Amino acid sequence: MEMLTGRPLVPGKADGTVLVARKPLSFWGGLNPHTGEVIDRRHDLSGQIVTGRVLVLPYSRGSSSTSSTLTEAIRAGTAPAAIITCGSDPVLALGSIVALELYQRTVPIIALDEAHYHRLKTGDRVVVHLNGKIEKVPQGN
Amino acid sequence: MLNGKFDAATRIAMSIIVRVAEVCDVDQLIDVSRAHIGGCTYLGEASLDFAEMFARLGGKVTIPTTLNIGSLDQYGWQIFPIRQDFAEKGTRIMEAYLQMGCELAWTCAPYQAGHRPACGEHVVWAESNADVFANSVFGARTNRYGDYLDLCAGLTGRIPAMGLHLTENRRGKILFRLDSLPMGLMQEESFYPVLGYLLGERSAEKIPVVEGLPKDMTDDQWKALGAAVASSGPAALVHAVGITPEARTLDEAFQGRVPERVEKVDMALLREVREKLSTCTDAPVDVVALGCPHFSLQEFLQLAALVKGKKRFPGVEIHITTSRFMRDQIRSLPAWAALERFGVRVIVDTCILHMRTVSPKARVLMTNSGKYAHYAPGILGLQVAFGNMADCVESAVRGCVHREDGVWKC
């Protein structure tokens, strides 16, 4: 079984199917927190629903309201099951940290180095562990 | 500040700052002299819950703290298709921040409202276009702060010592050369948002250094460039050689090192970006939106000169977003008469991406802003045409998108 070692920026347990974004995404203006849909029409995930998925993206970008859009998605139950970024992304981590403060709920945010990051593909089944390890579940099981 | 000596609001704010420092592997905090709150718009219950939690705990800011746009134009949201519950919550969040002692500014261009930090001053500004401006024009030091940390910094006066607060992280990485561009392009208003969009996109996380920008770049040109940089990428600092205080020379911009990459910006590249900012260029226009970031007095005067003696096509709306202070200034000048006759609608303290002023029937929005052009399709569900201010006026007169290619043809 393949195991990737990440750094848990916001630790937590999750499992789900990977959804890889090729381009960075601004959650504000890019994600509808009420529906979980990617609404940035110039983004490669435009129209996809991130809810319950393990969202893998290079980093967040764009306007400064990405953190609260993530908190709102967590509150509304539309957030991804976990978010995996290439390198650490404090903006997303903050959205999850504040969700814990306000709603006692959180989404794990895991930072991977570049080599590990590129081993995740859309459709992979993964389990995210508290210590930041990401386990790829063999397909067909 | 985490122990019993401080009130609950300060303690929670401090604990959030410390957790972020941990996430970023930073073990030191620094003092900041001012904050600009980006999170004062209603973006859902979370944004309201956060502000009201601190206000309820009696939180008060300890450093001068200004407010970015709010959710509503309190002078007249009622004439727009705004839901009552959005208006109520938007008002509540604006009040919560005022209750905590923040200074009423309600603008995304604080630098044009007298808030101009000095070179080397550490600030926490949470509005992406203002971050680019503060770092690049003033040489002040701020990161691209997301919401939450802005208020936490306002309450505590502290922030993790990281990112662009540290000299070594302000080193330029990619050199963009403008020397092959035709003379005259730099007098073209839309050159700045187009170049900004290109820089944001192509520099990604590496600080861009631009050689060849005119030394007399105006605040409005910087504003347009910065907003576009921040829309297309994560950059918060653009070193303009000879303009940015810490980039007086190329060598200084790169802190004595060599660029990782050199890019020659040519017309083909810029034209491609200009086209990309529009999703349609041949259609009836429903609304012209100007003032992203907030319109300055200078821009109002420019617009007044452009619309003088012209008549708006029936049904086309002109929405201009600005601060209440800028609106009061333009209204006191003779130029206001021409704007009023043309039928412009001035919306204050907010932005059309937050307070939806555009009719649900509208399909095409025209703008001179790289940021409106970037976000309007996703947030408002509209087609966008990008042009300069004169194109916007001409399109409003004709009722359909009209763009003079002028210098872009070269």
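Me: Let me start with the cut-offs: a residue is buried if 20 or more other C-beta atoms lie within 10 Å of its own, exposed if 12 or fewer, and partly exposed in between. How many other C-beta atoms lie within 10 Å of Gln255(B)?

Reply: Happy to walk through it, keeping in mind that this is a predicted model. Gln255(B) has 13 other C-beta atoms within 10 Å, and a count between the two cut-offs means partly exposed, so Gln255(B) is placed in that class. Gln255(B) sits in the loop between helix H8 (250–253) and strand S9 (261–264) of chain B.

Me: What is the phi of Gln255(B)?

Reply: The general idea comes first. Most residues other than glycine have a negative phi, and most peptide bonds are trans. Gln255(B) is not a glycine, yet its phi is positive, at about 50 degrees. Gln104(A) belongs to the loop between H2 and strand S8 (109–112) of chain A. With 7 other C-beta atoms within 10 Å, Gln104(A) is exposed.

Me: And the peptide bonds? Which geometry, cis or trans, does the bond from Cys292(B) to Pro293(B) have?

Reply: That bond is cis, with omega near -10 degrees. Pro293(B) is part of the loop between S10 and H10 of chain B.

Me: What do S10(B), helix H10 and S11(B) make together?

Reply: They form a right-handed β-α-β unit, in which H10 covers residues 297–307 of chain B. Strand S10 (residues 287–290) of chain B runs parallel to S11(B), and four bridges join them. Within this pairing, Val288(B) is opposite Ile318(B) of S11(B).

Me: Which strand is S11(B) joined to by five bridges?

Reply: Strand S12 (residues 344–348) of chain B, again in parallel. There, Ile320(B) has Val346(B) as its bridge partner. S11(B) itself, residues 317–322, is mostly covered, with five of its six residues buried.

Me: How should I read the nonpolar core, and which residues have the most contacts inside it?

Reply: In soluble globular proteins, nonpolar side chains tend to be buried together. Here the largest nonpolar core has 171 residues, and Tyr97(B), Val124(B), Leu149(B), Val288(B) and Leu365(B) have the most contacts inside it.

Me: Let's finish with chain B as a whole. How many helices and strands are there in chain B?

Reply: Chain B has 14 helices and 14 strands. Its radius of gyration is 21 Å, close to the 22 Å given by the globule rule for 410 residues, so chain B is as compact as a globular protein of that length. The C-alpha trace spans about 65 × 55 × 35 Å along its principal axes. Of the 410 residues, 53% count as buried. Taking contacts in chain B between residues at least 6 apart in sequence, 81% join residues at least 24 apart.

How values were computed: Residues are numbered from 1 along each chain as its sequence is written. Chains are lettered from A and ligands numbered from 1 in the order in which they are written. This is a predicted model: local features need pLDDT of at least 70, side-chain atom pairs count only at pLDDT 80 or more; totals for chains, interfaces and linings use all residues. Helices (H or I, at least four residues) and strands (E, at least two) are DSSP runs, numbered from the N terminus. The radius of gyration is taken over C-alpha atoms; the globule rule is 2.2 Å times the number of residues to the power 0.38. Two residues are in contact if their C-beta atoms, placed from the backbone, lie within 7 Å. Two strands pair if DSSP finds at least two bridges between them. A crossover is right-handed if, with the strands pointing away from the viewer, the path from the first strand over the helix to the second runs clockwise. A nonpolar core is a set of buried Ala, Val, Leu, Ile, Met, Phe, Trp, Tyr and Cys residues joined through C-beta atoms within 7 Å.
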